[in-house]
Structures are given as structure tokens and as C-alpha cells.
Amino acid sequence: MTNNEKTNLPPKTCSIERLITKESDIELVLQGKKTATRRNGRYADIGEMMELNGQSFVIDDVYIQPLGDLTDAHAQQEGFESVEDYKQSILSYHPGMPWLPHMTVWVHEFSPVKA
């Protein structure tokens, strides 16, 4: 996705408050081990702020990614060691969901706001 396409993102499908809700994921974010999350919809705009347990984070980038393009580095952004670990975790949350390389997800990259 080009920079021009990023400024013309489609409307959000959910609110930023729903982006990261699992306690284990929140803990990974607070520890700096999770710097991105993938969802089946767009939950945030670039530059939007989210708050987790009193700490603020800014959305640095939002883009579409096919599951088949995931690398171990992407899985590490999510707090996992490998794509396979990430895949198994996602499939455990969504029983019966297929994992198809052509399926796309919205990537939301974020970083802590420096005080």
C-alpha cells in the first residue's frame, strides 16, 4: 500500500477501544513485546491514540496484509516467536476459522507515547 493509499483508508469497522482487549495481549504491549495487532477490520486511524492501563500509545501505521505474507518478524511484532506460533494462537481463539494465504487482515502498528 502506498502512502497515498494510506491517507485514503476506508471507514473504520470498529472503535480503537476494541483493538486490544485480551489481558495477556495488554500485558505484552505494556512490556514492549507487542507492537502490532492484526484484525479482520480496521479499528484505528494513523495518529489515533489508545490507552492501556493508564499508558498511551499512538497508532503509527495501518495497512492490509495477506496472511500468506506473514513472516516470523511480523509474528514477533505480535509477541510470538514464529508465524506458526501466532497462527496456532489465532486459530485457538477462533475455532473452525480457516487460515488461508490469500485472506487479508488489517495491521495496526503502534508505539508508546513518550511523556
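**A look at the largest pocket**

Guide: Sorted by class, the residues lining the largest pocket are 10 nonpolar, six polar and seven charged. Please keep in mind that this is a predicted model. The space inside the largest pocket comes to about 500 Å³. Its lining is made up of 23 residues, and those closest to the centre are Arg 38, Arg 39, Asn 40, Ile 90 and His 94.

Where does the lining come from? At least two residues each are supplied by β1, α4 (83-93) and β4 (104-112). Among the contributors, α4 gives the most, with four residues.

Now let us follow the strands. Both β1 and β4 belong to an open sheet of four strands, whose order is β1-β4-β3-β2 and whose pairing is antiparallel. The edges are taken by β1 (36-39) and β2 (49-52); each has a single partner strand, so one side of each is left without a neighbour in the sheet. From one strand to the next, the twist averages 40 degrees.

What holds strands together in general? Strands of a sheet pair through backbone hydrogen bonds, and they can do so in parallel or antiparallel fashion.

For an example, go to the β2 edge of the sheet. There, β2 is joined by four bridges to β3 (residues 55-66), and the two run antiparallel. Across this pairing you can find Met 49 standing opposite Val 58 in β3.

To return to where we began, β1 and β4 are strands of the sheet, and each also supplies at least two residues to the pocket lining.

Terms used. Residues numbered from 1 in each chain as written. Predicted model: local features only at pLDDT ≥ 70, side-chain atom pairs only at ≥ 80, totals over all residues. Heavy atoms only, no water. Pairing = 2+ DSSP bridges. Axes fitted to C-alpha atoms, helices over the stretch in contact; angles between N-to-C directions. 1 Å grid on protein atoms, 1.4 Å probe; cavity = no way out; pocket = protein on both sides within 12 Å on 5 of 7 lines; lining within 4 Å. Points joined across faces, edges and corners; volume = space filled by probe spheres on them. Nonpolar A, V, L, I, M, F, W, Y, C, P; charged D, E, K, R; others polar.
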